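Reader: I would like a close look at one part of this model, with the chain around it described before the part itself.
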Amino acid sequence: MRRLVWRAAELVGSTPETATARTLRFRVPGWPGHLAGQHVDVRLTAEDGYSTQRSYSLAGPADGEYVELTVESVPDGEVSPYLTEIMEAGDQVEIRGPVGGWFVWRAENERPVLLVAGGSGIVPLMAMIRTRRQAGSRAPFRLVYSLRGPDWAYYADELRRPDPGLDVSFLYTRTVPEGASRPAGRIMLADLAEGGWPAGHGPDCFVCGPTGFVEAAADLLLALGHASERIRTERFGPTGG
Amino acid sequence: MGGFVSIISRGFHGRRRDEGDRLPPGQYLVEDFPVLSAGPTPRVPPERWEFAIDTEAGVTHRWTWPEFLALPQETPTVDIHCVTEWSKLDTSWEGVSLDTLLENVDTAADYALVHSYGGYTTNLPLEDLLDGKAWIVHRFGGEELQPQHGGPARLLVPHLYFWKSAKWVRGIRLLDDDRPGFWETAGYHNYGDPWREQRYEGD
Amino acid sequence: MTAEHLDGNTLAGPLGELFAVDVTTATGRCANCGLTGPIGSLHVYGPDPGLVGRCPGCEEVVLRLVRGPGRAWLDMRGTVTLRVDLPD
């Protein structure tokens, strides 16, 4: 291991995910690689020397000196509107990482995996899905993705494409598409009972999202009999945007 | 940082860094009221609330919620400055001056250790609580003080960084010797004067 | 009690400035209640004015980390031991 250092990162491209979220691709010379689920710290410095930093989850698998982040623009935020609306290819930030060895999935792990995402909590879980696919892992995955409505889905096309061994269920909390059998609403026991694994399979559970969502989902998993040591959580706090 | 030339993010300006004689060095202005916490928010029902002052001689003075509300109330309007660099101007509060609470307390102590429901502590010289400089407040902006801002009652010492204005205040121990509190033992300045920018130990 | 806390993994970056191993995967023992578990499972409050890691069992403070310009303060008085797995 090594201590963390800040590295220059140049934006090489970006793609919109939703009306308010954007995936940013950076080239980071010297990047040491990373595991699915890890995050990075991003530092921005203004011309007058003022600087501030934020944490973001990595959205993709290790890819040489490239890293991808998906950033949701927070209204009146200080950093996220810059990253999603102002920054252009060729502009630079500093990135340090990867950090976090706890909320990670490794491709050599063959246990069943249950991913539970609330809103932008999908990002580190998507890194796990992509890492699984890239590695040709046969670990069976299920994703339960709670979001406001179909228009808020990140990676929508990719998640709807068939991916053998991955089952995806979308839960909408406010707006449901026409003909949907499940009414709009917050995550419930039945959602995790149907979209997840029986506790007897002993899946590794990864839950990521806003604090309230993570609390609710983790409580439901415990109620379904999942062992607390198999439930790993990552809460998004007040980021200050 | 560290004297190296930083990477500049073209077009990034960051939040507004205000200047003006009401803002201490390094502070910026906010209109909202940020919430910072070092632990879970305690919920203290008024019937269980009490405030106590313990003297260096071991004498305790206590006030229940109705007794506290029956004391003469003041309505200070003050500027507050958080060590995390935000300042908020003209905040209006209602509560009891520490001069009132300490009026009948017999003490020769030099220091105060403020302690809170939830376990938080902060220290300051006793003289910084006197002469109209500090209050125990229970209303903010004309309304009951909300739990996330320290309700039912918090200390208000606006001439020091705001971490000294302990939320969920439960009591004050008067001491002959200074005893650093929660943040003061973890790198923050022992006194915390915003105008001298005493943020960290050694500043 | 309400708890708007984060998870211990949020400590990985800040502690990574200090340590050459990932401390969030190390196992700590709470000095107050004796609960053992990974630092990554702590309830973390902050990041400002400092990071406060609390025991998920008893909510006592297990560690505190304050980062100032050019220096950091780490207080681990709430941790009895830290077990770090290392390759031989």
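How many helices and how many strands does the secondary structure of chain A come to? After that, please take helix H5 of chain A in detail.

Author: This is a predicted model, in which local features need pLDDT of at least 70 and side-chain atom pairs count only at pLDDT 80 or more, while totals for chains, interfaces and linings use all residues. Residues are numbered from 1 along each chain as its sequence is written, and chains are lettered from A and ligands numbered from 1 in the order in which they are written.

Chain A has five helices and 11 strands (DSSP runs, H or I of at least four residues and E of at least two, numbered from the N terminus). Its radius of gyration is 18 Å, close to the 18 Å that the globule rule gives for 241 residues, so chain A is as compact as a globular protein of that length (C-alpha atoms are used, and the rule is 2.2 Å times the number of residues to the power 0.38). The C-alpha trace of chain A spans about 55 × 40 × 30 Å along its principal axes. Of the 241 residues in chain A, 45% are buried (20 or more other C-beta atoms within 10 Å; exposed means 12 or fewer, partly exposed in between, with C-beta atoms placed from the backbone). Among contacts in chain A with a separation of 6 or more, 72% link residues 24 or more positions apart (a contact is two such C-beta atoms within 7 Å).

Now the helix. H5(A) covers residues 211-223, 13 residues in total. From its first C-alpha to its last it reaches 18 Å, close to the 18 Å expected at 1.5 Å a residue (counting one less than the number of residues).

The buried residues of H5(A) are A:Phe213, A:Val214, A:Ala217, A:Leu220 and A:Leu221. Seen down the axis of H5(A), these fall within an arc of 135°, so they line one face of the helix (the arc uses directions from the axis to the C-beta atoms). An α-helix has 3.6 residues a turn, so residues three or four places apart point the same way.

On the other side of H5(A), A:Gly212, A:Asp219 and A:Ala223 are exposed. Just after H5(A), A:Gly225 takes a positive phi of about 100°.
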